[in-house]
Amino acid sequence: MSKIIEFSLPTAWEWVWQVLALLLIIWILKKLMFQPVTDFLEKRKDLIANDIKTAADVKAQATSLKEEYDGKIKNINDESDRILTKARQKALDREVQIIEEAKNEANAIKAKAKHDTELELEKVRADMKDEMINVATLMASKFVKSELTHEKQEEIITEIIDEMGDVSWL
């Protein structure tokens, strides 16, 4: 019967040489391949960790900017509300001022109209006084020209009134 593995000294040396060759190949591969691959994987791991850290920093910065812009927008909204309120108040103040000026102007117009009416009334009174003087003078001249009896006096007065026409006395 034949043996599958025969243990002999040449076989043992072959095994030793093969193990040494295997160890040498492993050592060479480790030096040539394992270290560069390990370095590559380490660099890749560092790069990914760096990218994650950068992304987290960018996200934190974006969140900070968003909060800052939200605050600015709120401030802008508050400022616009304040400006609108101020503009409304100015408009209301201007409205009150315009109404006050219109009232003052209306009062001035009323006062001027009253003054003009009083002046016109005084003028009419003066004209009426002059007219009464003229009428009295006319009556007196007619009385002087004629001898007066009571009937004659009544007739002259009626005649003078007829000459004057419809005059309305104030």
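This is a predicted model: local features need pLDDT of at least 70, side-chain atom pairs count only at pLDDT 80 or more; totals for chains, interfaces and linings use all residues.
Biologist: Is Glu79 buried, partly exposed or exposed?
Modeller: The exposed class starts over 50% relative accessible area, and the buried class lies under 20%. Glu79 has a relative accessible area of 34%, so Glu79 is partly exposed.

Biologist: Which residue forms a salt bridge with Lys72?
Modeller: Let's start with the setting: Lys72 is partly exposed, at 42% relative accessible area. The closest N and O atoms of the pair are 3.3 Å apart, and the partner is Glu68.

Biologist: What is the N to O distance in the salt bridge of Glu42 and Lys45?
Modeller: These two residues sit 3 residues apart in helix H1, about one turn of the helix. Glu42 is partly exposed because its relative accessibility is 37%. The side chains of Glu42 and Lys45 meet in a salt bridge, with an N to O distance of 3.6 Å.

Biologist: How many salt bridges are there by this rule?
Modeller: The rule asks for a side-chain nitrogen of Lys or Arg within 4 Å of a carboxyl oxygen of Asp or Glu. Among the pairs is Glu79 with Arg82. By this rule the count is 6.

Biologist: Which residues form the negative surface patch?
Modeller: A patch member needs over 30% relative accessible area and no salt bridge. One of the members, Glu131, is in helix H1, and Glu131 is partly exposed because its relative accessible area is 40%. The patch is formed by Glu120, Asp127, Asp130 and Glu131.

Biologist: About how much accessible area does the nonpolar patch with Ile25 have?
Modeller: Ile25 lies in helix H1, which covers residues 9-145, and Ile25 is partly exposed because its relative accessibility is 46%. Its patch also includes Leu24, Trp27, Met33 and Phe40. Together, the patch residues have an accessible area of about 1,000 Å².

Biologist: Finally, what share of the 170 residues is buried?
Modeller: The protein has 2 helices and 0 strands. It exposes about 15,600 Å², with carbon and sulfur atoms supplying 63% of that area. Of the 170 residues, the buried share is 3%.

Definitions and conventions
Residues are numbered from 1 along each chain as its sequence is written. Side-chain values use heavy atoms; hydrogens and water are left out. Patches are made of residues with over 30% relative accessible area and no salt bridge: like charges are joined within 9 Å, nonpolar side chains (Val, Leu, Ile, Met, Phe, Trp, Tyr) within 5 Å. Accessible areas come from the Shrake-Rupley method with a 1.4 Å probe; for residues, only the protein chains shown count as cover. Helices (H or I, at least four residues) and strands (E, at least two) are DSSP runs, numbered from the N terminus. Buried means under 20% relative accessible area, exposed over 50%, partly exposed in between (1.4 Å probe, protein chains only). Lys and Arg count as positive and Asp and Glu as negative; His and the chain ends are not counted. The place of a charge is taken as NZ of Lys, CZ of Arg, CG of Asp or CD of Glu.
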